[in-house]
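Please look over the chain shown below before reading on.

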Amino acid sequence: MVPSSPMLNFRFVPLLWAIVISHSLVAALLIFAASPIEPLNIVVTIPVLKDLTEQVGGSYVRVTSLLSGYENEHTYSPKPSDLVAVRKARLLFEVGIGLEVWVSSLVKNAGSASLLVVTTSKGIPLLRDTEHEGTAHAGEEGERGNPHVWMDPENAMTMLQHIADALIAVDPAHATEYRANQAAYLRKLAQLRVELSERVARVTDRRFIAHHPAWPYFARRFGFQIVGTIQPQSGSEPSALQLHGLIATIKKDRIKVVVSEVQLSRRIPELLSKETGARVVVLTTLPGGLPHTDTYLDMLRYNVLQLANALEGL
Ligand SMILES: [Zn+2]
């Protein structure tokens, strides 16, 4: 009474194949659904966020930065094309801390229900603009911290974490890649920090005059000292009295360097230089603002090396 097995096989093989094929189809469909063919559309406010997002997201993201690197982040006003970009985006990364005061109305006007806005400075301990009574970057609702947090690589690590978390939240299928990219970038950042700290350690006089209050996080991390700031508040010109005070400080304390920024007018830095003999070095707070500053790491390296060289009279 043993059933004839060749007979069974003959009858069941097509059925088995059908089951196998249908399972593979389901599996293929699942993979297909979990990994969009199109990269994720992401909008960021400033170029440093574009670079950090691309470092983590690789080929799975398409990032548009609203500012290109040449504009002033405090006085920017969105273009019609920015609205289009925000409408298409799944994620929007901003710094926060009142830096991009223009973002909330842009997001409101875009009216996209699926857009997720992520404030990448969350959790970063803020510095006040102590030299100028903490009001230099007063944002909305009493936020009074200095918003230039990305100028310290330690803070950039926190921003990178927010970016990676957000990418994984909207695209969990690539979580492994995002985490691996994040880890690889952190290693590069750590290596650069060591290299730059070693350079700064050889500089004996690390004092400088800043143009706008963008440098306190940078100065603290790398051991530079800001002894005066040309713009007491971002976008405001100093009074004649304040200029006089700066000139007196530079002469009395023998300050050798005035740091200007490519996004700002060089008129006052040049005037200070003419009056005191201090030299002007032009740096950038936004990647892409100057040659050799296309990435965040390049920008950090450029700023530290140029400033160190200027302080040593090289
Ligand atoms: Zn600024």
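A residue is called buried here if 20 or more other C-beta atoms lie within 10 Å of its own, with the C-beta atoms placed from the backbone. The model is a predicted one.

## The chain as a whole

The secondary structure comes to 10 helices and 8 strands, and of the 314 residues of the chain, 38% count as buried. Among contacts with a separation of 6 or more, 62% are accounted for by residues 24 or more positions apart.

## Strand E7 and its surroundings

Strand E7 covers residues 257-261, and because 5 of its 5 residues are buried, E7 is largely enclosed by the rest of the structure. The covering applies to both faces of the strand: Val257, Val259 and Glu261 are buried on one side, while Val258 and Ser260 are buried on the other.

## The four-stranded sheet

E7 belongs to an open sheet of 4 strands, which are arranged in the order E6-E5-E7-E8 with parallel pairing. Strand E6 (225-229) and strand E8 (279-283) form the edges, each of them pairing on one side only. Neighbouring strands of this sheet are turned against each other by 35° on average, if direction is ignored. Helix H8 (residues 240-253) packs on the sheet, where it touches E5 and E6, and its direction makes about 145° with that of E6.

On one side of E7 lies strand E5 (residues 207-210), and these two strands pair in the parallel sense over 2 bridges. Isoleucine 209 stands opposite valine 258 in E7, and alanine 210 stands opposite valine 259 in E7. E7 is also joined to E8, with which it runs parallel, by 5 bridges, and here serine 260 is found opposite valine 282 in E8. Together with helix H9 (residues 267-276), E7 and E8 make a right-handed β-α-β unit.

## The contact of H2 with H6

Helix H2 (residues 47-57) and helix H6 (residues 175-201) have axes that come within 7 Å and cross at roughly 125°, which means that H2 is oblique to H6. On the H2 side the contact is made by Gln55, Val56 and Gly57, and on the H6 side by Tyr178, Asn181, Gln182 and Tyr185. Sorted by class, the residues of this contact are 3 nonpolar and 4 polar, with no charged residues.

Note on methods: Residues numbered from 1 in each chain as written. Predicted model: local features only at pLDDT ≥ 70, side-chain atom pairs only at ≥ 80, totals over all residues. Axes fitted to C-alpha atoms, helices over the stretch in contact; angles between N-to-C directions. Parallel < 35°, antiparallel > 145°, perpendicular 65-115°, else oblique. Contact = placed C-beta atoms within 7 Å. Nonpolar A, V, L, I, M, F, W, Y, C, P; charged D, E, K, R; others polar. Pairing = 2+ DSSP bridges. Buried ≥ 20, exposed ≤ 12 C-beta atoms within 10 Å, placed from the backbone. Right-handed = clockwise from strand over helix to strand, strands pointing away.
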